[in-house]
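Please look over the structure shown here.

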Amino acid sequence: MNKDLHHYKCGIDRKVQKTDVDPITTQIVRNSLNSAAEQMKRALCRTAMSPIIYEVLDFAAAIYDRDLRMLSQAPSLPLFMGTLNFCIEEAVKGVGGEENLYEGDIIIYNSPYGTGSHPQDAALVMPVFFEGELIAYTAIKAHWLDIAGKEPYSTDTVDVFQEGTVYPGVKLYSKGNLVNDIFKMCIANTRVPNSVAGDINAQAIGVRTGERALKRVVSKYGLKKFREAVEEIFDAGEKIVRKYLKDIPNGEYFGSGQMDNNGVEEGSVPFDVKVLIKDDSVVLDMSEAPPQQNGPINCPLPSTVSTARVAMSMLAGSNEAPNEGFFRPIEVITKKGTLFHPLSPAPCFLYGWPALQAMEVFYKALGSKHPEKVPASSGGCINAVVYWGQKKLTGEPWADGSPHPIGQGGSVHGDGATCLHHAESATRFAPTEVWENRNPWLVTRVELIQDSCGAGKNRGGLGVNIEIEMLEDTFATTVCERTELEPWGLNEGREGLANNCFLINDDGTKKSIPKATRVLIKKGNKVLIQNGGGGGYGHPSERQKEKVLDDYKQEYISKEYINKYYPEVVLND
Amino acid sequence: MIRVATDVGGTFTDLVYFEIDEKTKKAKKISNAKSDTTPPNYEQGVFKAIKKSGISISEAIFFAHGTTVIINSITERKGSVTGLITTKGFRDSLEIARGDRPDFFNLRYKKPKPFIPRYLRTEVPGRMDFLGKEIEKLQLNDLKKIIKSFKSHNVKSIAICLLHSYANPKHEQVLAKKIKQQWPEFEIVTSSELTREWREYERTNTTALCAYVKPIAKNYLDNLFIELKKYKFKGNPYVMQSNGGIDTFESTKKTPLTIIESGPTSGVLGAAEIGKLIGVKDIIALDIGGTTAKCSLIEDGNVKINTNYWIEKNRTSAGYPVMLPVVDIVEIGNGGGSIAWVDDYKKLHVGPQSAGASPGPVSYGKGGNSITTTDANLYTKRINPSYFCGGEVNADIKSVDKHISTLSKKLKLTKIETARGIIRIANNNMTNALKLISVNKGHDPRDFTLVAFGGGGGMHATSLAMELNIPNVIIPINSAVFSAWGMLMSDLRRDFILTKLNKMDIDSLGSINETFKKMETKAISNFKKEKIHKNLIQFQRYASLRYLGQDHSVEVLLPSGTYDKKELNKILISFHKQYEKEFTYSLDNPVELIQFHLVAVAKIEKPKLEKRKKTGREVREAIKSKRKVDFDQLGERISDIYDFDKLEPNMVFNGPAIVEDSSTTVVVFPGQRCKVDDYANLHINTQKKK
């Protein structure tokens, strides 16, 4: 075996072998655990300062047992969900191990190679004690608006130290008391201290809410019965994913993706994945990935593992909240020193972009032989734009940012949805009326892009154009991937429109700025975010004529589009 | 003298009337009648019920009306063809919505389909900014073309929602006026006459839904009014609103979406009124019906209202927003008819699917083969098998046994364990809903009294209270017709809401005072149109306040009058306090007012409930029988069965016991103590005797 290859088993097995708990109790424990995670989420959202948390839901809130098995998590940012066991493990290591944990402690941890994220994604971890015994952890990893990187948001870092301040696992609360020295460091190392102070507070409230809720469940049933119920819950979760995998014939499936560039150098960065199905288990092999890059598109191991966990949970387990059991049938292979297993201090600010794309490339691989099992490609990116500046009237600094929704891919089940996120499922799109109140700009249009959908028996969902005119000079960092690799169709379905981002000057000239740091947008100039459409499923000639005509009536597609993709449909107007 | 409340439900139309003693003004007798609901001519069902009751409508001094006609037209998609006119660049707001996917691991998620299709969504140039300043003139050059297209698609109703119209409604008003003048055949709803709150998707959808139901609502209320006059009704009839008040037909017809949740609202209001009568101010109201359970928190006697209401929203769908003041209710798919089922992974679930009225629970013997919560309650003998539905139905015990057996085999449990399991899961679902309105919002359930009503209220309330450590449960008298009682206890109420950002400092006091004053003047003139004199009107002022930079606000009750520095400080102190209660902390940051909320109430005379007569009967005389009842973990116990109608004030008895009348079953657990109050409400203490 190649010693550079790294095999990671995504789920941990049973700890209690013999269980004797009735199914009703198990079900109530399951509901109560999900409700406890949900309470954490609500507490965080209610108290957070920055819209990136309460609107974009750029966080994960979850509960783990002492063995770092995921008990439950709240609907939030899926990509974060599968990284939290790493965060907890490293956070606890950071303070010197379990023996240094006390009731009321809260650890702050954001080292990118342990969280899998950029430093802005900071985790708060709280150990949960029951009758003096360490039984579990509650954890929330959330995106802070700024953590004193070289810019509020960057696409061109060359090492991880440019990306922000690092907290290597230190106690923010010790036995319930705030460690003021640490807190002051947090506030000193950000461009938006009020916002960060508020969000730290909100995260602390969140993990404490989870701690209390979990203790209520455990005290109701007793630790023994609780632990037995947990084993049953994991086993049931495992069965869900295994059942899905069993329906896919054994074999190796190949897929490839492509990053537009690495952020600091010209040229696309292609990568290959291999999906190996064996009976009811799956191996996601990323070891053929290119070497780690000089720019920030490297994806640290925890996020690579999370990608695998999320991709499989989404495919297999619709309608169920994932838990540790879901992850047991999954193994990930990576190679050290590559795009999906970089080594510190490789820059990783844009780690999420290869991760999000990899998810869809797994589907592409399976879809190459079993298209009915997966959807076609979505618009393929979150097209994030971060803005900042100084308000003319008051002189106060401001910053804002948002991911944007894209069209979804068609599948055997029907047309792709319009304007949703693929993996950032719960993110809410900001209202223009609130946006214009908050920031010195005018939103000039938010409109569906005609013809952006990939044609097919079941077409892709439409993308959306968002155009904003700046009323004051503004800086922006843009991260739109997949501007070259169009959203692919499946089973002879056609491609959708690719993403892009443009700077429009007041003379009307247009410049493409899909991945750019600290771009000055002068007063009166506009930024146009072109959010792509989804790929189609099945050959366009199989699409029902009535559906084509209705798409035309709705102005989703033009006459030219019909002539090109559905030439057999004749318009009579 | 009689006071009448009618309630048009999905299946039945209920009528409840109070005979009022002319001297004491007390309700002497409460009676009810039922008829089938008669779509699409709903008013016929109302008059059938009136006929059945035998009352003469000409003697009625008060007529209040609740109806599900609006919500049904929406859920069944039976509204009118509607067109939208909005600001250039924003016609897709209705379709893009907020872009979230609540079922976040579901790649096949389908977005809720907009009520107005894209080809009927049109745009006009013209722009306000967020302060309400015109930055581009409204241009109506294309209006003729728009109307022509609407006509060719048979549009009956037009929704107008322009960007920032909450700050300045001028453009919307000009547009509406022009259409009214030139094309009077259209119904029109502008967003600014519905609400002056920001967030364009929510406001556009609210306007669209209102326009969608307006023709139907107008027609229906007009017909009802004509019929009432035919029967020589002399008073002014009212419609129950979602904000916990009633309003006139005239006002309701303009913006009928305000009655979308009239039914559930009146039950919550009834709980608050019962509380006032017997001196209980902090209440959790719980209404367990056939398909859903609804709960709402009442603090210090005040029913909570908010404008963040969504229809068809659940774990798997984002739903549709209704940005109107609606009583803050959490509703879950868990009622008597909720179906128990076992999934592929051997897990037991209850609801949200319901057996409905037909075939109904297995025990009804109408061919139902899905075990429901009601069947489990019957199997555990909490419900009396020989007095099922007040003796009107022979409970089909054999079928219940058979189908529970099927479930129990899947679960590898005994039959009684399965029945108990169903009740426990149903209770767990309801407990989680109750936590949402209490614990999750910073309220300790121990400080509240649970007032439970509806068909299943008495059956589950006592165990839910134990679970949440709620010390006292009240099962009100007439709990089966409780919503109608609430309707008769309502005042005329209108809510005026306005988003307008002001820093809470001395410099802004002028603007804040002026805004409230303007709103009050507007409210008075609004009522004046319907000849309601300003002396009858009482105002309540609220403001949504937040820490500068935060999104989340709390609504604070404000004093009346003009504010000075001292008042401002008092308001800030109460904000910090209320904020801390809800969010567990407060900050030193500056505070911002984002929304003004004025409640205008015109008081209406109400009936008073009469106390139940005491005959000196002993409590044991109210026992009609004994039977074995299963109390889950406490086992099977021989229990006294009390006749609700024979209970008298000050009677006290202990569980295990069941209290029954023809429509209600109340379960009193071993160790619980039940006391009857002056009005024959049951007070059950759930704290175990030591």
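## A proline and an alanine in chain A

Pro345(A) sits in a loop of chain A, between β12 (330-335) and α11 (352-367). The model is a predicted one. Its peptide bond from Ser344(A) to Pro345(A) is cis, with omega near 5°. Most peptide bonds are trans.

Another loop of chain A, between β6 (133-143) and β7 (168-174), holds Ala148(A). Ala148(A) is not a glycine, yet its phi is positive, at about 65°. A negative phi is what most residues other than glycine have. Is Ala148(A) buried or partly exposed? It has 16 other C-beta atoms within 10 Å, so it counts as partly exposed. The cut-off for a buried residue is 20 or more such atoms.

## Chain A as a whole

Chain A contains 14 helices and 21 strands. The radius of gyration of chain A is 24 Å. The globule rule gives 25 Å for 573 residues, so chain A is as compact as a globular protein of that length. Along the principal axes, its C-alpha atoms fill a box of roughly 75 × 60 × 45 Å.

How much of chain A is buried? Buried residues account for 63% of its 573 residues. Contacts in chain A can also be sorted by sequence separation. Of those with a separation of 6 or more, 75% join residues 24 or more positions apart.

## Chain B as a whole

Chain B has 16 helices and 36 strands. A compact globule of 690 residues would have a radius of gyration near 26 Å, and the 26 Å of chain B agrees with this. The C-alpha trace of chain B spans about 80 × 60 × 55 Å along its principal axes.

In chain B, 51% of the 690 residues count as buried. Among contacts in chain B with a separation of 6 or more, 66% are between residues 24 or more positions apart.

## Domains of chain B

The domain assignment of chain B lists four entries. Domain 1 covers 2-75 + 218-260, and domain 2 covers 82-209. Domain 3 covers 492-602, and domain 4 covers 619-685. How far apart are the centres of domain 1 and domain 2 of chain B? Taken over C-alpha atoms, 33 Å separate them.

## Helix α7 of chain B

Helix α7 of chain B runs over residues 200-230 and has 31 residues. From its first C-alpha to its last, α7(B) reaches 44 Å. That is close to the 45 Å expected at 1.5 Å a residue.

Where does α7(B) kink? The kink lies at Lys214(B), shortly before the proline Pro215(B), and is about 45°. Just after α7(B) comes Lys232(B), with a positive phi of about 65°.

## A proline and an alanine in chain B

Chain B has a cis peptide bond from Gly655(B) to Pro656(B), with omega near 5°. Pro656(B) lies in the loop between β32 (652-654) and β33 (657-660) of chain B.

Ala680(B) is placed in the loop between β35 (673-676) and β36 (682-685) of chain B. Ala680(B) is a residue other than glycine, and its phi is positive, near 75°. Why does Ala680(B) count as buried? It has 20 other C-beta atoms within 10 Å, and a residue is buried if there are 20 or more.

Definitions and conventions. Residues numbered from 1 in each chain as written. Chains lettered and ligands numbered in written order. Predicted model: local features only at pLDDT ≥ 70, side-chain atom pairs only at ≥ 80, totals over all residues. Helix = DSSP H or I, 4+ residues; strand = E, 2+ residues; numbered from the N terminus. Rg over C-alpha atoms; globule rule 2.2 N^0.38 Å. Buried ≥ 20, exposed ≤ 12 C-beta atoms within 10 Å, placed from the backbone. Contact = placed C-beta atoms within 7 Å. Domains from an automatic or database assignment. Expected span 1.5 Å × (residues − 1). Bend = angle between axes of the 7 residues up to and from the residue.
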